[in-house]
Amino acid sequence: MDRIRYEAQVNVGAVISPFNAWQIFRGSVTFPLRMERINHSAQQIAEWLEQRENITFVSYPGLPSNPGHELARRQMKNGFGGVISFGVNADDKTVEQFCAKLKVITFAVSLGHDESLIFPQPSYDERILLYPEKFRKGFIRFSVGLESSEDIIGDLEQAFRAVGL
């Protein structure tokens, strides 16, 4: 029992409530449609980001420029997911201001929600040293949601302009 208590509950969590189980079951019906939309939008957004001058890198397995693209193409038959990492050629303050200027995308830590969420990893955070060098300045994690890709790109564009990027 101690092993279950100290390992399983910490790593997996306690048993979910019947209501939460029902909500997950109910949401599973539309999951394929939601992921189709997220995959499509994330691909468009990653391609758009890759073309911008102020972006230092875009890490998304759906991009041919990604080192793991061929492996991802073989393994991820239905799309490449909704999480994009990218770098902005700016200091921590400007990156945070950029995230705060977003109107459609929510500035939040969590990833994998139905709404688009974005969060910068500041250079002063000691965890940044765990990442490759290119991730250590202007690093942003972005989880694409169900909003239209046009709305998301428009929001990113207006926020870049608002902070002079």
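These questions and answers go through a predicted model of one protein.

Me: What kind of model is this, and how are residues numbered?
Reply: This is a predicted model, in which local features need pLDDT of at least 70 and side-chain atom pairs count only at pLDDT 80 or more, while totals for chains, interfaces and linings use all residues. Side-chain values use heavy atoms, with hydrogens and water left out, and residues are numbered from 1 along each chain as its sequence is written.

Me: In what order do the elements run from the N terminus on?
Reply: The secondary structure comes to six helices and five strands. Helices (H or I, at least four residues) and strands (E, at least two) are DSSP runs, numbered from the N terminus. The order is α-α-α-β-α-β-α-β-β-β-α.

Me: What share of the residues counts as buried?
Reply: Buried means under 20% relative accessible area, exposed over 50%, and partly exposed in between, with a 1.4 Å probe and protein chains only. Of the 165 residues, the buried share is 37%.

Me: Are H3 and H6 roughly parallel or roughly antiparallel?
Reply: The axes of H3 (residues 31–50) and H6 (residues 149–162) come within 9 Å and cross at roughly 30 degrees. Axes are lines fitted to C-alpha atoms, for helices over the stretch in contact, and angles run from 0 to 180 degrees between N-to-C directions. Angles under 35 degrees count as roughly parallel, over 145 as roughly antiparallel, 65 to 115 as roughly perpendicular and the rest as oblique. The crossing angle therefore makes H3 and H6 roughly parallel.

Me: Which residues of H6 make the contact with H3?
Reply: Contact means heavy atoms within 4.5 Å. On the H3 side, the contact is made by Ser41, Gln44, Ile45, Trp48 and Leu49. The H6 side consists of Ser149, Ile152, Ile153, Leu156, Glu157 and Phe160.

Me: Is serine 59 buried or partly exposed?
Reply: Serine 59 is found in strand E1. Leaving out residues up to four places away in sequence, serine 59 touches Asn66, Val83, Ile84, Ser85 and Phe135. Because its relative accessibility is 26%, serine 59 counts as partly exposed.

Me: How far apart are the C-alpha atoms of arginine 74 and cysteine 99?
Reply: Arginine 74 has its place in helix H4 (residues 69–75) and is partly exposed, with a relative accessible area of 48%. Arginine 74 and cysteine 99 lie 25 residues apart along the chain, and their C-alpha atoms are separated by 34 Å.
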